[in-house]
Amino acid sequence: MGFRLQSVILSSRQILKTHSAGFSRKQPDVPKGHVAVYVGAEAQRKRFVVPISYLNHPSFVELLNRAEEEFGFNHPMGGLTIPCKEDAFITLTSQLHSS
């Protein structure tokens with residue numbers, strides 16, 4: 001699990017580095033130290049802006065692991081996409097924000 005976790009974190013960071021210039025030009029409302037995350041089913045994805053520090057939180061990493069197991073970790077559009085229910089994502093990020 002430790003190696004897999006590292007792989008997910010490194011993959012997330014690589015995606016962020018690779019596409020950070022594109023995000024800053026196309027999405028000027030993403031403040032420094034944050035990342036845009038696309039959540040939901042393909043037809044109804046919603047964009048959220050979360051602190052990059054969430055990528056290191058165990059609960060968020062677990063969500064990324066589950067998304068990778070079920071849907072793979074290929075993000076051809078450049079954004080970090082998590083195909084989970086919006087309510088579940090909001091619940092998780094609310095808990096991370098309050099801790």
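This is a predicted model: local features need pLDDT of at least 70, side-chain atom pairs count only at pLDDT 80 or more; totals for chains, interfaces and linings use all residues.

My entries below go from the sheet to the aromatic rings.

Entry 1: I looked for strands and found an open sheet of three, in the order β2-β1-β3, with mixed pairing. Which strands stand at the edges? They are β2 (46–51) and β3 (80–82); each has a single partner strand, so one side of each is left without a neighbour in the sheet. From one strand to the next, I read an average twist of 35 degrees.

**Entry 2: one pairing up close.** Strand β1 (residues 34–39) and β2 run antiparallel, joined by six bridges. I picked out Ala-36 and found that its bridge partner in β2 is Val-49.

**Entry 3: the helix on the sheet.** Helix α3 (residues 86–98) packs on the sheet and touches β1, β2 and β3. The direction of α3 makes about 15 degrees with that of β2.

**Entry 4: the rings.** How many aromatic pairs does a search of the whole structure find? I got three. In one of them, Phe-48 and Phe-89, the ring centres are 5.1 Å apart and the planes are at 50 degrees, so I wrote the pair down as tilted. Phe-48 lies in strand β2 and Phe-89 in helix α3, so this pair ties together parts 41 residues apart in sequence.

Entry 5: Tyr-54 and Phe-60 form a tilted pair, with centres 6.1 Å apart and planes at 50 degrees. Both Tyr-54 and Phe-60 are buried.

Conventions. Residues are numbered from 1 along each chain as its sequence is written. Side-chain values use heavy atoms; hydrogens and water are left out. Two strands pair if DSSP finds at least two bridges between them. Helices (H or I, at least four residues) and strands (E, at least two) are DSSP runs, numbered from the N terminus. Axes are lines fitted to C-alpha atoms, for helices over the stretch in contact, and angles run from 0 to 180 degrees between N-to-C directions. Contact means heavy atoms within 4.5 Å. Rings of Phe, Tyr and Trp (its six-membered ring) pair if their centres lie within 6.5 Å; planes under 30 degrees apart count as stacked, over 60 as edge-to-face and the rest as tilted. Buried means under 20% relative accessible area, exposed over 50%, partly exposed in between (1.4 Å probe, protein chains only).
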